[in-house]
Amino acid sequence: MLSVSIGPLALPVAPLIGMLSVWVATSVAGRLAAKDDRSSAENTLWGAILVGLLAARAAYVFQYHLAYAATPWAALDLRDGGWFAPAGLVVGGVWLLWRVWQKPALRRPVGLAVVAGAVLWSAAMGAVIWADRGVEVQAGVPDVVLIDSLTGQQRSLAAVLSGQPAVVNLWASWCGPCRVEMPDLAAAQQNNPDVQFVFVNQGESAQVIKAYLQRSGLNLQHVWIDTNRALGPAVGSKGLPTTLFFDAKGKRVDAHFGVINPAALRARLQDLRNAP
């Protein structure tokens, strides 16, 4: 599951679970610590989280430094979801150990707080995986029928991908974030002929799509229509834009909910090309 709907909003699942886990952990630390140590216990956890996030982000940007070289300011755009978790866990863990070594009174409340947050994270992510079990058993590409926006021809998504590494973008002309990222995706389609870019419009008519593309000056290839808006639910996404990455065997190797910037897109394409 990539996103959930809360009223009119669609929000990414993993960050929501992460924020909830952090809130629970800091609350437990504050409640279990002695009165004079509550602030210190909470600050220790917040410090570990911030230091860990910085380390995870820095390690990811370093790993894909060539992708970020053209637009280095994109390293500050955390919406791209680029984190190297092992680095964050190690650095954050070292910070925690250093702090509780300095102040033994924090060991019990901080330790139990970390356990509480980890248990909540694991349980919530396990529930997400369980809820996604119907999607995961599919052989990679969802069984969704699309309509060619130019010819009206109907084909399955698997047939459209035709055994090539592919980037599949779910979008609509009324979606503001979709309009923000579309020029970058159009440029990527032109600059990466070895990867097939497929733009799957969600429920709009061919006339609306044509008018939007002309108005925006976008020369997109492979624009298809998902009349029933079935692809999003099939991959666990409740909102737009959603970008999926499939290898040549039709296995989904990555997915991104929300605006994807050029640097993050280049990093995902690098992983896609390196997929076995």
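**Helix packing and a disulfide**

Analyst: Helix 2 (residues 38-63) and helix 5 (residues 107-131) pack at an angle of about 45 degrees, their axes 10 Å apart. That makes helix 2 oblique to helix 5, since angles under 35 degrees count as roughly parallel, over 145 as roughly antiparallel, 65 to 115 as roughly perpendicular and the rest as oblique. This is a predicted model, where local features need pLDDT of at least 70, side-chain atom pairs count only at pLDDT 80 or more, and totals for chains, interfaces and linings use all residues. Residues are numbered from 1 along each chain as its sequence is written, and side-chain values use heavy atoms, with hydrogens and water left out.

User: Which residues of helix 2 and helix 5 meet?
Analyst: Ala41, Thr44 and Leu45 in helix 2 meet Val110, Ala113 and Val114 in helix 5 (contact means heavy atoms within 4.5 Å). That contact divides into five nonpolar residues, one polar and no charged.

User: And how many disulfides does a search of the whole structure find?
Analyst: A disulfide is a pair of cysteine sulfur atoms within 2.5 Å. Here the search finds one, joining Cys175 to Cys178 with S to S 2.4 Å. The link of Cys175 and Cys178 is right-handed, with 80 degrees about the S-S bond.

User: Are Cys175 and Cys178 buried or exposed?
Analyst: Buried means under 20% relative accessible area, exposed over 50%, partly exposed in between (1.4 Å probe, protein chains only). Cys175 and Cys178 are both buried; of the 276 residues of the protein chain, 43% count as buried.

Technical notes: Axes are lines fitted to C-alpha atoms, for helices over the stretch in contact, and angles run from 0 to 180 degrees between N-to-C directions. Helices (H or I, at least four residues) and strands (E, at least two) are DSSP runs, numbered from the N terminus. Ala, Val, Leu, Ile, Met, Phe, Trp, Tyr, Cys and Pro count as nonpolar, Asp, Glu, Lys and Arg as charged, and the others, Gly among them, as polar.
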